[in-house]
Amino acid sequence: MRIGIIIGRIGGVDGVALETEKWIDVLKKIGHEVFIMSGEFESWTIDRDHDYLFPALSFFSVEAEWGQRKAFFEPDKNPDALLEHVEKASNRIHFAMRQWIADKKIDVILSENASALPCHLSMGVAIKKLVETTGIPIVTHDHDFHWERGQRYVSVHPEINHYVDKNFPLLLPNVKHAVINTFGVETFKNRFDIDATLVPNVMDFNRVYGVPTPENEFFLRDVGVLKDEIALLQVTRIVRRKGIETAISLIDQLDDKKLKLVITGNNNDDENKEYYNELIDQIHDLNLSRQIIFAAHKVLDHKDLSDVYAHGRAATYFSTYEGFGNAFVETILAKKPIFVNNYKPVYMQDIGNKGFETVMIEDSNLTPESIQQMSDIIYNPKRCIEIGEYNFNIGKKHFSYEVLEEKLSQLFTF
């Protein structure tokens, strides 16, 4: 089939974009031709025959920015102007989408989170209009939903909240919904009496990953980890739900000056650097400035963190909430032990129940027993290798491209 993907941005490092690239790889492998309509192509060589840049779909476009501001952040007294704006903008986008599917003779649409999360109101509404007016089959890849984001997508205007509920997610007949966790399946069943398909996030377990090479030999040395020191890895962005303060506390309680925590992500998504500054205060109060390394300046290509994992001893992943947890599977792919918080709503029912060997804590609580278990692993390189191999085989069974291929072969049958 000729599959048309509609997405706000692709080629970047956010979870939706990264997972979409994996879907593209597998869809092509099983014989489909893939076309992309996106507001941004980051780090992406555009194929003019298959890739269509339509800037109005960008989350940073005037259409998206103005709509978000007036809906959720700086609402006017009367919401009519906003609703009129969204309708007009969505009509323009809808018209462009219709031209695109006609030009490319597209058989089925894949909507990448655009029909689930109202982070671009006009795009989501335009997709709904496209399906309503053309009857084209659609698969919506729903990563997260507005009711999971606290007050982020709640407006002071009941009319806007009703508009969001009416259009997100896309509840039309014959829409196939793919969700990334069991919680999403349960949500669709309980809220809408719809059977969604669980498609977990995956990694390519056939690639060489996290392996020492001459090219990455000095990577950790370059960020400040000396040859006789041990690096724990926090391979996440700096946002509050990642639980980085727990990893810093672990370093403090292990009380070993040769143990360092390397944090790879930046704080671009941390509003006003509030959480980052709290971490800085924590590091200062615990006198850990020489043991906590912020390495985002060195990790320029977050899409491929293989060099980061290559020389680390183990990874910390004390998140409190995740839609899935790509960093967990990535650590398993790199054959490194991982220490994890039982994050909601996904970990135990979608990942932790698969039999991985980890040290898991509850409610971000580092007990003496859990700290001792982590210490026993960190200071036993042979045990680290055994755990890495064991977890890798489980990960390949449950979160590989082969699993994705089976799921997509079922989804894209019309």
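**Overall form and the setting of N216**

The accessible surface of the protein chain is about 18,500 Å², and 50% of this belongs to carbon and sulfur atoms (Shrake-Rupley method, 1.4 Å probe; for residues, only the protein chains shown count as cover). The model is predicted: local features need pLDDT of at least 70 and side-chain atom pairs count only at pLDDT 80 or more, while totals for chains, interfaces and linings use all residues. Residues are numbered from 1 along each chain as its sequence is written, and side-chain values use heavy atoms, with hydrogens and water left out.

The protein chain contains 15 helices and 13 strands (DSSP runs, H or I of at least four residues for helices and E of at least two for strands, numbered from the N terminus). Its radius of gyration is 22 Å, close to the 22 Å that the globule rule gives for 414 residues, so the chain is as compact as a globular protein of that length (taken over C-alpha atoms; the rule is 2.2 Å times the number of residues to the power 0.38). Of the 414 residues, 54% count as buried, meaning under 20% relative accessible area with a 1.4 Å probe, protein chains only.

N216 sits in the loop between β7 (197-198) and α7 (219-223). With a relative accessible area of 1%, N216 is buried. Leaving aside neighbours within four places in sequence, N216 is in contact with V211, D307, A310 and H311 (heavy atoms within 4.5 Å). The C-alpha atoms of N216 and E322, 106 residues apart along the chain, are separated by 30 Å.

Definitions and conventions: Buried < 20%, exposed > 50% of the residue type's maximum accessible area, 1.4 Å probe, protein only.
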